[in-house]
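Q: Could you walk me through the disulfides here? I'd like to take them one at a time.

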Amino acid sequence: MPRTRALVLLAVLTGAALTGCKVPDELASGAQPSGTAPAPPVAPAEARAQLGQLKVAVRGTMDGYSREKFPHWDKVDGACDTREEVLKRDGKDVTTNADCAAKSGTWVSQYDGETWHKASDVDIDHMVPLGQAWVSGAKSWTQERREQFANDLVRPQLHAVTDNLNEQKSDKAPDQWKPPLVAYWCTYATDWIVVKRNYGLTITVPEKTALESMLQHC
């Protein structure tokens with residue numbers, strides 16, 4: 001998605017949230033044309049400004065949490081669901097079968113720089129994990145809102161990455177886990193901030209400190 005369009009989209013969504021206006025369905029659902037890239041991270045200066053706008057609060061508990069409360073991998077285009085759309089978007093020369101399952105392609109994991117040639121070697125990571133969202137505000141959301149969050153192709157929320165890194169990350173915030181590729185820390189921090197700000201999620205003091213440190217790599 002071109003940077004100008006991304007900024008316009010961000011302004012529309014933010015303005016709607018502040019004024020109470022209804023967000024158009026195609027924006028609220030996170031829908032976008034098949035194969036397009038997510039919004040790029042904001043500039044470091046803007047990320048720092050947005051970080052300062054996030055509410056700092058004590059991290060909540062996982063009481064009542066389950067992944068089923070965040071319905072994910074919605075159908076996006078025909079037989080293709082959100083996961084398959086990300087595999088096509090983030091991969092190169094991706095071929096799919098009649099059911100839209102990726103049969104071949106090349107994926108470079110941004111978290112560690114590793115290259116993979118089988119879709120089974122990559123997972124679709126939620127930048128802000130579902131459990132992390134739960135403990136920072138999503139517990140009080142409607143199921144519809146949580147579904148939007150779990151399938152968001154507009155914000156930089158979904159990424160194809162090395163599967164074992166996704167498992168290592170689990171539901172951890174940046175004060176608990178960071179990508180091994182230090183060169184990616186700037187982008188990781190800005191993506192995290194953009195997602196949390198767009199969804200009104202809180203951060204903890206250690207989380208904020210970790211993000212500030214990561215932004216120093218920009």
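Q: Which cysteine does Cys186 form a disulfide with, and how far apart are their sulfur atoms?

A: This is a predicted model, in which local features need pLDDT of at least 70 and side-chain atom pairs count only at pLDDT 80 or more, while totals for chains, interfaces and linings use all residues. Residues are numbered from 1 along each chain as its sequence is written, and side-chain values use heavy atoms, with hydrogens and water left out. Cys186 forms a disulfide (a pair of cysteine sulfur atoms within 2.5 Å) with Cys218, and the two sulfur atoms are 2.0 Å apart.

Q: Where do Cys186 and Cys218 lie?

A: Cys186 lies in helix 8 (residues 185–198) and Cys218 in the segment after helix 9 (205–215), so the pair ties together parts 32 residues apart in sequence; helices are DSSP runs of H or I with at least four residues, strands are runs of E with at least two, and both are numbered from the N terminus.

Q: And which handedness does that disulfide have?

A: The disulfide of Cys186 and Cys218 is right-handed, because the torsion about its S-S bond is about 100°.

Q: Is Cys186 buried or exposed?

A: Cys186 counts as buried, at 15% relative accessibility, whereas Cys218 is partly exposed at 43%; buried means under 20% relative accessible area, exposed over 50%, and partly exposed in between, with a 1.4 Å probe and protein chains only.

Q: Changing topic, how many disulfides does the structure hold?

A: The structure holds two, and the other pair is Cys80 and Cys100, with sulfur atoms 1.9 Å apart. Cys80 is in strand 2 (residues 80–81) and Cys100 in the loop between strand 3 (91–96) and strand 4 (102–108).
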